[in-house]
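Work through the exercises below with the sequence and the model at hand. Each task is followed by a worked solution.

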Amino acid sequence: IATILLLNTANSFSQIKKAELVATGLTCSMCSNAINKAFKAMPEVEKVDIDLNKNLFTISLKKGNTLTPKNFKDKVEKAGFFIGSLIITMPFENFNATDNNSITTATSSYTFIDSKGQILQGDKKIKVLDKGFVTQKEYKVSLKSFAKYPSYSEPKEGIFHVKAI
């Protein structure tokens, strides 16, 4: 059993390939431009697409980047706004996304919660569920829903709670 758990937690995959980020607090196109410029200034960013109707930023990243969800959060907050939703695309190799199963990269750890035990293969989208990566309202509801996951209510640097979508 320990070997199986070790293989699942040590599952190697590369980095975030794409991030789909909904920003909150934007009131005009100049607001979205501030976030756009912040992302385009990052050397790891290949391309940024914006949907102004949804305040959605789709950020394509270069191979070999070491970005984490916190990097996106920091850029948005530095521009004066907040994240309402963050969905990241990452490559997986036969990863069993069951509750409390984690994967670790060189820069962070991702713990799956509220999962249905699906096997992730290839590029898959996962939603970051931690405070600061969802709306305040959604986070308050999640605190109650995810009370069975003790690590969720006690955030730690570099550890992200995610759900496969």
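This is a predicted model: local features need pLDDT of at least 70, side-chain atom pairs count only at pLDDT 80 or more; totals for chains, interfaces and linings use all residues.

Residues are numbered from 1 along each chain as its sequence is written, and side-chain values use heavy atoms, with hydrogens and water left out.

**Exercise 1.** Describe how helix 2 packs on helix 3.

Solution. 
1. Two packed helices are described by the angle between their axes and the distance between the axes.
2. The crossing of helix 2 over helix 3 is right-handed.
3. Ile35, Ala38 and Phe39 of helix 2 meet Phe72, Lys75 and Val76 of helix 3, where contact means heavy atoms within 4.5 Å.
4. By class, the residues of this contact are 5 nonpolar, no polar and 1 charged.

**Exercise 2.** Characterise the largest pocket by volume and by lining.

Solution. 
1. The volume is about 210 Å³. (On a 1 Å grid over the protein atoms alone, a pocket is an open set of points where a 1.4 Å probe fits, with protein on both sides within 12 Å along at least five of seven lines; lining residues have an atom within 4 Å of a point.)
2. Of the 14 lining residues, Lys131, Phe133, Pro155, Lys156 and Phe160 lie nearest the centre.
3. Helix 3 gives the largest share of the lining, 3 residues.
4. The lining divides into 6 nonpolar, 1 polar and 7 charged residues.

**Exercise 3.** Which element gives the most to the lining of the second largest pocket?

Solution. 
1. The second largest pocket holds about 160 Å³ of space.
2. Its lining includes Lys73, Glu77, Phe82, Ile83 and Gly84.
3. Helix 3 and strand 4 (82-97) each supply at least two lining residues.
4. Strand 4 gives the most, with 3 residues.

Definitions and conventions. Axes are lines fitted to C-alpha atoms, for helices over the stretch in contact, and angles run from 0 to 180 degrees between N-to-C directions. Helices (H or I, at least four residues) and strands (E, at least two) are DSSP runs, numbered from the N terminus. A crossing is left-handed if the near helix is turned anticlockwise from the far one by less than a right angle, and right-handed if clockwise. Ala, Val, Leu, Ile, Met, Phe, Trp, Tyr, Cys and Pro count as nonpolar, Asp, Glu, Lys and Arg as charged, and the others, Gly among them, as polar. Grid points are joined across faces, edges and corners, and a volume is the space filled by probe spheres set on the points.
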